[in-house]
Amino acid sequence: METERGKKRSLRLFTRIVLLILAIVVIALSYAGIYISRNFNQLLSEQIHKGFNKSIISDVYDLKFEKLRVNILTGNIKVLNVTLEPRRKLLHDYPYINSSFQLKTSKLVLEDVKIMTLVKTGKLELKRIEINRPEIQVWLTGRNHVFLPYKDTLAVKSKTDTTGKKFLNSFLLSEFALLNASFHIINTDKQRQFSVQNLNITLNSLNLTQQSGLDLYSVQNVELKIGELSGKMMNGIRSFELKDFEMNISGFDIRKSKDTLVYHYADFNTGLKDLNMNLADSVLNLRLKSLNLSCSKKSISLKGFSIKPNLSQAEMVRREKYQKAQFILAAGSIELINVNFDTLIYYRKLFVDEIKIAKVDVSLFKDKFKPFDRTKFPQYLGQKLAGIPIPIVVNNIKVSGISFTNVEHKEDGKYARVVISHGTLQAKNITNLPSKSSLTLNATGFVENKAPISLTAAFSYLQPQFSFSCRIGKFNLPDLNGLLAAYTPAKIRKGVADEISFTGTVFRTKSTGTMKFLYHELDIDLKLTEKKWQNTLVAFAANTYLNTNNPQPGKPAIVVQFKADRDMNKGGFNIILRSFLAGMKETMVLTKGNKQAYKEAKKAAKAEKRANEGGKGKLNPIKKK
């Protein structure tokens, strides 16, 4: 019994001793771990500083951080309160560096770091970098922005001999993440500044390489998201703001030297929402509800587009010295189909197969109290396209749901208003490159929601001229009294327009063509109290003897030749309007040439009528035998 008790006591004592030893070992290891960790953290901090200071970047930028924490098992490193900022005084002179940046962040995470390689050689090899909630400031000057020293053959030799500092030969990174950053960019050369909130950037398979005089960047995929972006500029765009900007790029390569930037991509897409932009001294405001761009789908889609003045109509008129149309434009959707992004990005050329625009509202206002600018000589559409700064080719444009309103404040103080609704427009062969083919337009709509109208025009690119054909369908003439009263002292009591069609060719200084105006039961009330209307509207006086113009047996419809002189200070639409008025006047009061043509047409019609009647003959009575 005593032997067994002794064995048990010995086992208990042995157990206590072992536990005590283990406790001492654990405590010792803990203290040793803490000691080693602290010293290892300190060692790594020193190595990071040494590694950074050995790079040529340290001549320009200063790296600071407060704490560094290492997880030896995972190889992760957390660096707290990091600052990377430009040196007040550069350690060496690099006259070509004209821009700089500053980065501040509370936490920087380096994942899967080869710690022993970092300790032994000072070379940083890792898998992922994450920067959380950084504040970034960027200062830009010059046209080609240079932030870091270039690797140059002579410079490398000099630096190696005197300082031993190295340029960045190669840097590989599986993933880089910039999370919830704030960004402020100041461009002193162009007087611009931009502010970015909630910026998130993710890069995969990043490869940075420096060769002699050349920086090479490649990345497998780039994903960029911005919560809010705003900017201010002095020229062109005055200010802008937008939300929810996104961009994805795959297969992205960059080759950058002192004066050249060459890049290539495999695919990209981008989108944004709630764009609000002020143009030209904040006079015009442009808004866009959403934009989506896809390189793989070759498409650009815009929703909720509008452009209008920020100022009141009266203020806009007060600012102008001469007559100028003030406009408001809105479109429900705009789609660009089969866009050639390679030619657009690499060669600055816009090639598009088709553009579709839906639900378009256009409003124009002109104050005719202002004098006309006689020094301006507008070009026709074929020549006006030549002024676009980049080459363009658009095969087809289709516009539907057009509502057009034109308002004029006339010299007599009255307002004239014209409305065209339910409109459509199709244009083909739109380009500013040399072309033997014409730019063709086909438009339809309803004037005052009553008179159906269609217009076809073909504009020459080779010379300043175009041909046109216009047709207005059947409508009750009194329906246009509101429009007529705004421009003339006439009122239509009754009458029906069966057809108005006119075609012509517009040259640089004039137009010629033919018109057919078919109507019946026309009754016009003229109040010619002012002398100027007695000549310009003498055509309406024909109502006293001509109230019908319709094809009848022996009396053909009047089809007239017209000629109109162009007002050289006005564009293509005005000469079409002048052609219409000239044709109407010729229809109602025939000039010598049209009178002779009409007499010959009546003779031919009567001759045809007699021939038809004679051909029928009379039946002879049957004689009785």
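Predicted model: local features only at pLDDT ≥ 70, side-chain atom pairs only at ≥ 80, totals over all residues.
Biologist: With which residue does the side chain of lysine 324 meet in a salt bridge?

Modeller: The general idea comes before the case. Side chains of opposite charge can pair when their charged atoms come close. Here the side chain of lysine 324 meets that of glutamate 320, with 3.9 Å from N to O. Glutamate 320 is partly exposed as well, at a relative accessible area of 23%.

Biologist: How many salt bridges does a search of the whole structure find?

Modeller: The search finds 13. One of them joins the side chains of arginine 374 and aspartate 567, at 3.5 Å from N to O. Arginine 374 is in the loop between β16 (350-367) and α6 (381-384), and aspartate 567 is in the loop between β25 (559-565) and α9 (572-588), so this pair ties together parts that lie 193 residues apart in sequence. Aspartate 567 counts as buried, with 14% relative accessibility.

Biologist: Which residues are linked in a network of salt bridges?

Modeller: The network consists of Glu111, Arg128, Glu130 and Glu175. Within this group, the side chains of glutamate 175 and arginine 128 meet at 3.3 Å from N to O. That pair links distant parts of the chain, with glutamate 175 in strand β7 and arginine 128 in strand β5 (residues 128-132), 47 residues apart.

Biologist: Is arginine 128 buried or exposed, and how is glutamate 175 classed?

Modeller: Arginine 128 is buried, because its relative accessible area is 16% and the limit for a buried residue is under 20%. Glutamate 175 is partly exposed, at 26%.

Biologist: Which residues form a nonpolar patch on the surface?

Modeller: Leu261, Tyr263, Tyr346 and Tyr347 do so, and together they have about 410 Å² of accessible area. At least two residues of this patch are supplied by each of β11 (261-264) and α5 (341-347). Tyrosine 263 belongs to strand β11; its relative accessibility of 32% makes it partly exposed.

Biologist: Which values of phi deserve attention in the backbone of asparagine 81 and asparagine 180?

Modeller: The feature to look for is a positive phi in a residue other than glycine. Asparagine 81 has a phi near 50°, and asparagine 180 likewise has a phi near 50°. Asparagine 81 is placed in strand β3 (residues 76-86), whereas asparagine 180 lies in strand β7 (residues 170-187). In accessibility, asparagine 81 is partly exposed at 36%, and asparagine 180 is partly exposed at 32%.

Biologist: Where does histidine 145 lie, and which residues does it touch beyond those up to four places away in sequence?

Modeller: Histidine 145 lies in the loop between β6 (135-140) and α3 (153-162). Apart from residues up to four places away in sequence, histidine 145 touches Asn98, Ser99, Leu140, Asn187 and Lys256. The C-alpha atoms of histidine 145 and isoleucine 97 are 7.7 Å apart, although 48 residues separate the two along the chain. Histidine 145 is partly exposed, with a relative accessible area of 22%.

Biologist: How many helices and strands does the chain have, and what share of its contacts joins residues at least 24 apart?

Modeller: The secondary structure comes to ten helices and 25 strands. Of the contacts between residues at least 6 apart in sequence, 63% join residues at least 24 apart. Buried residues account for 38% of the 625 residues. The chain exposes about 37600 Å², of which carbon and sulfur atoms supply 55%.

Definitions and conventions
Residues numbered from 1 in each chain as written. Heavy atoms only, no water. Helix = DSSP H or I, 4+ residues; strand = E, 2+ residues; numbered from the N terminus. Buried < 20%, exposed > 50% of the residue type's maximum accessible area, 1.4 Å probe, protein only. Contact = heavy atoms within 4.5 Å. Areas by Shrake-Rupley, 256 points an atom, 1.4 Å probe, with all protein chains shown as cover. Salt bridge = Lys/Arg side-chain N within 4 Å of Asp/Glu carboxyl O. Patch = residues over 30% accessible without salt bridge, like charges linked within 9 Å, V, L, I, M, F, W, Y side chains within 5 Å.
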